[in-house]
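Please look over the sequence and the model below before reading on.

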Amino acid sequence: MWLFLAFLAVPLIEIGLFIQIGGAIGLFPTLAIVILTAVAGTWLVRNQGALALGNLRRSFSELNDPTEPLAHGAMILIAGALLLTPGFFTDAVGFSLLMPPVRTAVLKYARKRIKVQSFSMGHQGTSDFRSDFKNSTDDVIDGEFSEVDSPKKPTHGPSGWTKH
């Protein structure tokens, strides 16, 4: 029911805002604002997305819980879609989702409403994978190797563009 109301309300809000703003400043300034917000939004989403991806990689490399960087990345993706959608209301929501304090507030609200049944990383054993990994005393890994040199043969003759 809420999704139906959103699909009904958002276009109506956008149409109303286009009429009001277009009537106040004119057609071409209104279109210029819409195009400018799409370009600026694309640039901001690209920068914020790179930061979020770096945070996600860091959480994976440090074996931390990746849910917060993933949630921030998802909100940045939604912000990008909203900013590319023509309209003032969607632009306002999209730009607000690009602000880290707003994303943190949305995440805090979602955490209150979502109950996680279970979470696991790595293997399903009884001990904690991170403690096993970090407290490991084995510094040597046994293994065997053999070097294989393959003769390099040219796959084609000279091209004629270079001198030999």
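Which backbone oxygen lies 3.5 Å from a polar atom of the side chain of Thr 90? The backbone oxygen of Gly 87 is the one at that distance from the Thr 90 side chain. The model is a predicted one, in which local features need pLDDT of at least 70 and side-chain atom pairs count only at pLDDT 80 or more, while totals for chains, interfaces and linings use all residues. Residues are numbered from 1 along each chain as its sequence is written, and side-chain values use heavy atoms, with hydrogens and water left out.

**Overall make-up**

- The secondary structure of the protein comes to six helices and zero strands, where helices (H or I, at least four residues) and strands (E, at least two) are DSSP runs numbered from the N terminus.
- Of the 164 residues in the protein, 19% are buried, a word that means under 20% relative accessible area, with exposed meaning over 50% and partly exposed in between (1.4 Å probe, protein chains only).
- Among the contacts in the protein with a separation of 6 or more, 63% join residues 24 or more positions apart, and contact here means heavy atoms within 4.5 Å.

**Thr 90 in helix 4**

- Thr 90 lies in helix 4, and it counts as buried because its relative accessibility is 6%.
- If its neighbours within four places in sequence are left aside, Thr 90 is in contact with Val 10, Glu 14, Leu 82 and Thr 85.

**Helix 1 against helix 4**

- The axes of helix 1 and helix 4 come within 7 Å and cross at roughly 110°, where axes are lines fitted to C-alpha atoms, for helices over the stretch in contact, and angles run from 0 to 180 degrees between N-to-C directions.
- That angle makes helix 1 roughly perpendicular to helix 4, since angles of 65 to 115 degrees count as roughly perpendicular, those under 35 as roughly parallel, those over 145 as roughly antiparallel and the rest as oblique.
- From helix 1, Val 10, Ile 13, Glu 14, Leu 17, Phe 18 and Ile 21 meet Phe 88, Phe 89 and Thr 90 in helix 4.
- By class, this contact of helix 1 with helix 4 has seven nonpolar, one polar and one charged residues, with Ala, Val, Leu, Ile, Met, Phe, Trp, Tyr, Cys and Pro counted as nonpolar, Asp, Glu, Lys and Arg as charged, and the others, Gly among them, as polar.

**Helix 2 against helix 4**

- The axes of helix 2 (residues 27-61) and helix 4 (residues 88-97) come within 11 Å and cross at roughly 25°, which means that helix 2 is roughly parallel to helix 4.
- Thr 30, Ile 33, Val 34, Thr 37, Gly 41 and Leu 44 in helix 2 meet Phe 88, Asp 91 and Phe 95 in helix 4, and by class the contact has five nonpolar, three polar and one charged residues.

- Thr 30, found in helix 2, is buried because its relative accessible area is 5%.
- Apart from its neighbours within four places in sequence, Thr 30 is in contact with Phe 18, Ile 21, Gly 22, Ile 25 and Phe 88.
- Ile 25 lies in helix 1 (residues 2-25) and is partly exposed, with a relative accessible area of 40%.
- Leu 63 lies in the loop between helix 2 and helix 3 (67-84), and although Leu 63 is not a glycine, it has a positive phi of about 55°.
- At 17% relative accessibility, Leu 63 counts as buried.

Conventions
Polar contact = N/O pair within 3.5 Å; in protein donor to acceptor, adjacent residues only side chain to side chain.
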